[in-house]
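Hi everyone, thanks for coming. Let me put the sequence and the model up, and then we'll walk through a few spots together.

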Amino acid sequence: MKKYHLSVQQLLKGLSMSALIASVVMAMCALWLPVKAWLAHELITYSWQHYRATGQALKPWPWADTSAVAQLHFTRLEQKVTVLSHADNTALAFSAAAVAPFNRLESTSLIAIAGHQDSHFALLADVQLGDEILLSTANGNELRYRVSAHDIVPQHSVLNIRPDQLGLVLITCYPFTYAGNGTQWQDTREVFGQAQKRLLLYASLLEH
């Protein structure tokens, strides 16, 4: 049987090549997540633009079970968030979403929208009392709200909101993964990143 003997140089060369391949694979994996997030954002934005222009819901990708139905505009922060049709774990991974049964976005009844505190609703850490929020819907309506109050409740508590209430409720996990600038919602005794509670921001409907 023929025997092969590897020199030290050959062994080192092989190890270097293996390390290079491993580094390339790790880099590709690291790049995939931001690319995936960017692509999802672009597709959801197009879904909203299509719905706004035609009135016809469009799935952001063929296998999606949701579509874009509205857009939130936080005027002071100059930031916008597209709202998906219903809040489940899959939809919330990609954007904020309307919470049934408070998801009648074309009406002036109570509207509830949820989002993750470490992504699409991270900006709520910077929202302040008195801030104006615009909610654009597919029929061209633009509902104006002003942030009026907040509440912090246990994660699994029953939300104290009723269908006959008016206004907008934004729901996210608490505390945030960073302190933000609008520290009104922050408790320095909380440990950032361990989201064991819910933050509810209430906004009153303004005349339009």
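**A walk from a loop to a pocket**

Let's start with L129, which has 44% relative accessibility and so counts as partly exposed; buried would be under 20% relative accessible area, exposed over 50%, and partly exposed is in between, using a 1.4 Å probe and protein chains only. Quick note before we go on: this is a predicted model, where local features need pLDDT of at least 70 and side-chain atom pairs count only at pLDDT 80 or more, while totals for chains, interfaces and linings use all residues. Residues are numbered from 1 along each chain as its sequence is written, and side-chain values use heavy atoms, with hydrogens and water left out.

Back to L129: you'll find it in the loop between β4 (111-114) and β5 (132-137). Strands here are DSSP runs of E, at least two residues, and helices are runs of H or I, at least four, numbered from the N terminus. Now look at A203: its C-alpha atom is 8.9 Å from that of L129, although the two are 74 residues apart along the chain.

On to the inside. The largest nonpolar core has 50 residues, and L72, F74, I113, L124, L135, L168 and L170 touch the most other members. By a core I mean buried Ala, Val, Leu, Ile, Met, Phe, Trp, Tyr and Cys residues joined through side-chain atoms within 4.5 Å. Domain 1 (1-64) and domain 2 (68-205) each supply at least three residues to this core; those bounds come from an automatic or database domain assignment.

What about aromatic pairs? There are 2 in the structure. In one of them, the ring centres of Y174 and F176 are 6.3 Å apart and the planes sit at 80°, so we call the pair edge-to-face. The rule for Phe, Tyr and Trp (its six-membered ring) is centres within 6.5 Å, with planes under 30 degrees apart stacked, over 60 edge-to-face and the rest tilted. Y174 and F176 are both buried.

Last stop: where does the second largest pocket lie? Both domain 1 (1-64) and domain 2 (68-205) give residues to its lining, so the pocket lies between them. A pocket is an open set of points on a 1 Å grid over the protein atoms alone, where a 1.4 Å probe fits, with protein on both sides within 12 Å along at least five of seven lines; lining residues have an atom within 4 Å of a point. β2 gives the most to this lining, with 4 residues.
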